[in-house]
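Please read these points with the model open beside you. They go from the fold to the cores, then to charge pairs and a few backbone details.

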Amino acid sequence: MPQDLTFTIPSHLDEYNIPLSSFKAARPQWTNFIVGGLVFSRFSRDSQNKSNEEGEPRVLLLQRALTDSLPGYWEGPGGGCEETDETILTAAAREVVEESGLHVSRIVDLVGVEEWTKEKNGKMVFAAKFSFLVEVHEAQGVFGEIAGTDREKTVEVEGDAVQRWEDRVRLEPSEHSTFEWATEEQVRLGLEGKGKYKILEDEGRNLMKAFRLVA
């Protein structure tokens, strides 16, 4: 496994830690396998002493680029499995680092599985998305060779300002235009069409499930 995809898993996820080809073969009802990795943090933007402040859980949301499908919608990191992925878990870790620049240290739990069917290029596609709750090396102050920097969890910049690991998200511009860390209430309002975040219903349900797991 590449070093930037090195992570641990609990024993209850062993059924997902098998070769991807075997995982797919055991689930012939699906033609497309998609993964997501939901990253959480606890911090408060209102604190002057940001290096010590902890607040309610916030989930990393990425806004889809205006040139991509579903422009302007918000989602967690994720995407399709690739033939080079060893397992569906490494696929999730790969998508997190590709779309956010954050490196998964632990896959905590399965949040949910979404299924849908659609027609593409004259063929029916039967898709399943496996969303996982993950932790990242950056949250532990681990950078070095894994994240390409020797900075600590927080560093001082321009006097009193403090840069957090949460602010070091790196996006792929062709896929996402910006990122934010959203609270449970903000996600709920987005699902109701009242907030700033436009979120698909299935994605929103998984986000709300994930908040319950980290509560």
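Contact, as used in this note, means heavy atoms within 4.5 Å.

1. **Ground rules.** This is a predicted model, in which local features need pLDDT of at least 70, side-chain atom pairs count only at pLDDT 80 or more, and totals for chains, interfaces and linings use all residues. Residues are numbered from 1 along each chain as its sequence is written, and side-chain values use heavy atoms, with hydrogens and water left out.

2. **Fold.** The protein has 5 helices and 9 strands. Both are DSSP runs numbered from the N terminus: helices are H or I with at least four residues, strands are E with at least two. Read from the N terminus, the order is α-β-β-β-β-α-β-β-α-β-β-β-α-α. Of the contacts with a separation of 6 or more, 64% link residues 24 or more positions apart.

3. **Surface and burial.** The accessible surface is about 11,200 Å², and carbon and sulfur atoms hold 46% of it. Areas come from the Shrake-Rupley method with a 1.4 Å probe; for residues, only the protein chains shown count as cover. Buried residues are 46% of the 215 in the protein. Here buried means under 20% relative accessible area, exposed means over 50%, and partly exposed lies in between (1.4 Å probe, protein chains only).

4. **Main core.** Nonpolar side chains tend to be buried together in soluble globular proteins. A nonpolar core is a set of buried Ala, Val, Leu, Ile, Met, Phe, Trp, Tyr and Cys residues joined through side-chain atoms within 4.5 Å. The largest one has 33 residues. Tyr16, Val39, Ile88, Leu102, Ile107, Phe130 and Phe132 have the most contacts inside it. Elements giving two or more residues to this core are α1 (20-25), β1 (32-42), β2 (57-64), α2 (88-100), β5 (104-120) and β6 (123-136). Helix α2 supplies the largest share, 7 residues.

5. **Phe130 and the second core.** Which residues does Phe130 contact, leaving aside its neighbours within four places in sequence? The list is Tyr16, Phe23, Trp30, Phe33, Ile34, Val35, Gly36, Ile88, Leu110, Gly112 and Val113. A second, separate core has 16 residues, including Trp74, Tyr197, Ile199 and Leu207.

6. **Helix α5.** The expected span of a helix is 1.5 Å times one less than its number of residues. For the 14 residues of α5 that gives 20 Å, and the end C-alpha atoms are 20 Å apart, which agrees.

7. **Salt bridges.** Side chains of opposite charge can pair when their charged atoms come close. A salt bridge here is a side-chain nitrogen of Lys or Arg within 4 Å of a carboxyl oxygen of Asp or Glu. The structure holds 14 of them. Glu192 is partly exposed at 39%, as is Arg188 at 30%.

8. Asp202 and Arg205 form a salt bridge with closest N and O atoms 2.2 Å apart. They sit 3 residues apart in α5 (residues 201-214), so about one helical turn separates them. Asp202 is partly exposed at 26%, and Arg205 is partly exposed at 41%. Elsewhere, salt bridges that share partners join Glu82, Asp85, Arg94, Glu95 and Glu98 into one network.

9. **Glu82.** Glu82 is partly exposed at 36%. Leaving aside neighbours within four places in sequence, Glu82 contacts Leu20 and Arg94. Its C-alpha atom is 8.9 Å from that of Phe33, a residue 49 positions away along the chain.

10. **Backbone check.** Most residues other than glycine have a negative phi. Leu70 has a positive phi of about 50°. Leu70 is in the loop between β2 and β3 (74-75) and is partly exposed at 38%. Asn121 also has a positive phi, near 55°. Asn121 is in the loop between β5 and β6 and is exposed at 74%.
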